[in-house]
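Hi,

Here is the model I promised to pass on. Have a look at it first, and my notes come after.

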Amino acid sequence: MRDVIVIGSGGGGPVVAKELAARGLDVLLLEAGPRNAKVEEAWSHYEDDQNNLFKGALRWGPAARAKTNWFRETPQRSYITQVAGVGGTTNHYFGNCPRSMPGVFTGYEGADRAAYDVAHLFPFTYRELVPYYQWVEHTLPVKTAPMGTKEQVFFRGCEGIGLPVQTTKDATRDAFRPQENSILQPQGNAGLTTNAALLRYPQAQGCTFCGYCYQGCKEPIRSPANLKAKRATSTSYVPMALTADLWMPGGKAVSLVANAFVTKVLTATESGQVVAKGVTWRDTETGLSYTEDAKVVVMSAGCVEDPRLWLNSGLPNPNGWVGKGLTDHALDWVIGVMPYDTNSSKGPASAARADFPGVGCVENVGLPPALQGLTASFSDSGVRGAYNVGRGETGPWTGQTGRAMGHEIKDLLSNVNRLLNVLVLTDDDVEAQNQVSLSSVFPPDEHGKIPKVEIQKRQRSARTLSNRRKLAERAALILKAAGATKVIRPDFPPLLLHMQSSMRMGSDAATSVLDANAEARWVKRLFVADNAALANACGGMNPTLTTQALATRTSEKIFQLYFGGSPWVSREAPLSSVDDRVTQAVVQRGL
Ligand SMILES: Cc1cc2nc3c(=O)[nH]c(=O)nc-3n(C[C@H](O)[C@H](O)[C@H](O)COP(=O)(O)OP(=O)(O)OC[C@H]3O[C@@H](n4cnc5c(N)ncnc54)[C@H](O)[C@@H]3O)c2cc1C
């Protein structure tokens, strides 16, 4: 019997695995997707080869790319971006690591507290989470982002609309700032040349400004696995988990099994209480199934697969909130056409932001050409410009919202380095109708009934819709203040790349699945440690840092509640994942 089984090795799971293995527990980490041990071979800068939802390397599907991807029912126009494989969706992510807005926690006393989703706050204070934020920020590590021309342009626009600069990590006023992100600062030749021969480790270290964050960071070439620039968990927490016996006295290495799709959480009844006792998983390559017992089970399969697994396992759901309350930041996108170069396709994808507490945030995003084309034509308002179908909203953008087409998109894509994109991240409400359930229309796949993901954009709460529009307006004004000659707002359909709160924790037992320890209310010894555990949309802040801080706190709770341990975060100093001791351990183990 294992001490702990962790399901899923994306943003949250490896944090629990690493922290508990460092305390000497026997941890099994099961991952549905592949493990790309040699990312320099697996990942490329070819956009379709990597990003194609159906057959790309970074897709939701089995390791063998010739096999079909795993299907989900989405009864609305929408697009789910999730990666199966070690590192999960952090392989795609941009590494932006802001803390959540203090206003989304219990105990917030700011004058603007009524501006938040007050019915769905975190069940503890922001101050309580700060030491866990600091622990993760040191481990990843999180620093001020490497920046370039596009950030300079964004800041000019922010100053142009009168925003002040923010100098703390606590977002409590409207302000702009450089991102805090988990991308290593450039050193040596990095950032100074595009000559690939000069951008190899150790001559180059940290971010090489290649501009392909979306496609899995393999830079700098030839660096040890834990020294890749972007701190996806595949390069930070996972290497630490697999070597915990080497860098931590008394630590135990995590056992990682890839291509292991968990199909059932097993339970028993002890003294009238349902408790987790293990899992069944299916080897996606051989089709064989295995069962293993553990004292504690942690679900970290992401916002869609956690509820699916729960429901397919027949676990209790007395208040009906399993899968409900999915938040997604109601994303939108605003593109400015500039009369000068922005270098939009260069450097970390997103390194500057502006926060609007109670409303959400906007951040600049640079993209390579195919993704730039996709985002300009991904619309819920029909077509704009010369082919206008007249359905779009008007505002401080040029003409109506809508998809760019024909000459307009050709012009846009003729020089992506003259564009500046702004992503809108809405502080959206937890709403019961936005949910993950089981499909009753499509047949089950080899892992059971498939998930149905519902998010109806136009039926969202008045606060969500108003926040989204306000942010799009501010984005357009920032771009104009920076000199944009044209501003296009496509009006995205739901683009689910920030998903939160589908198995939410909360103070109110009637609208939450988890208690304040992130333990399931109706199944003891079963915890959730990924974005699904978040109580709400974090104020519109990029969610992964909060998930990882919470997962660190959850690890301590597990250690105390079920293994007689003491908390460590307030008493010890964390080790950075780029520390020489970790690098030596990674090299020694041949990762
Ligand atoms: C383009 C893009 C950019 C982003 N940028 C940022 C950013 O800058 N900052 C930020 O905070 N967030 C960002 N995000 C979001 C970020 O990627 C997620 O917040 C984070 O990955 C969520 O972690 P998770 O553990 O909840 O889910 P995931 O990372 O999706 O991990 C879930 C893991 O569980 C595995 N799994 C699923 N089901 C099973 C099963 N049944 N058995 C075993 N394993 C299973 C999956 O294969 C996956 O590896 C971005 C996302 C995208 C797509």
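First, the ground rules. This is a predicted model, so local features need pLDDT of at least 70 and side-chain atom pairs count only at pLDDT 80 or more, while totals for chains, interfaces and linings use all residues. Residues are numbered from 1 along each chain as its sequence is written, and side-chain values use heavy atoms, with hydrogens and water left out.

**Ligand**

The ligand is surrounded by 38 residues, where a residue counts if one of its heavy atoms lies within 4 Å. The closest are Glu31, Thr89, Asn96, Asn531 and Thr544. By type, the shell splits into 15 nonpolar, 20 polar and three charged residues (Ala, Val, Leu, Ile, Met, Phe, Trp, Tyr, Cys and Pro are nonpolar; Asp, Glu, Lys and Arg are charged; the others, Gly among them, are polar).

As for polar contacts (pairs of N or O atoms within 3.5 Å; within protein, one must be able to donate a hydrogen and the other to accept it, and residues adjacent in sequence count only if both atoms are side-chain atoms), Thr89 has a polar side-chain atom 2.6 Å from a ligand oxygen. On its own the ligand exposes 1000 Å², and the protein buries 98% of that (Shrake-Rupley, 1.4 Å probe; for residues, only the protein chains shown count as cover).

Strand E10 (260-270) and helix H8 (302-312) are the elements that give two or more residues to the shell, and E10 has the largest share, three residues. Elements are DSSP runs numbered from the N terminus: helices are H or I with at least four residues, strands E with at least two.

**Helix H13**

Which residues of H13 (580-589) are buried? They are Val582, Thr583, Ala585 and Val586 (buried is under 20% relative accessible area, exposed over 50%, partly exposed in between, with a 1.4 Å probe and protein chains only). They sit on the same side of H13, because they cover an arc of only 165° around the axis, taken from the directions from the helix axis to the C-beta atoms. Asp580, Gln584, Val587 and Gln588 are exposed on the other side. The buried residues pack against helix H6 (237-242) and helix H7 (244-247), with contact meaning heavy atoms within 4.5 Å.

After H13 comes Gly590, with a positive phi near 70°.

**Loops worth a look**

Gln500 and Ser501 are both in the loop between strand E20 (495-496) and strand E21 (526-528). Gln500 is buried at 0% relative accessible area; leaving aside neighbours within four places in sequence, its contacts include Cys303, Asp328, His329 and Asn531. Ser501 is also buried, at 0%, and has a positive phi of about 65° although it is not a glycine.

Phe209, in the loop between E8 and H6, also has a positive phi, near 65°. Pro220 is in the loop between strand E8 (204-205) and H6, and the peptide bond from Glu219 to Pro220 is cis, with omega near -15°. The bond from Leu140 to Pro141 is cis too, with omega near -10°.

Cheers
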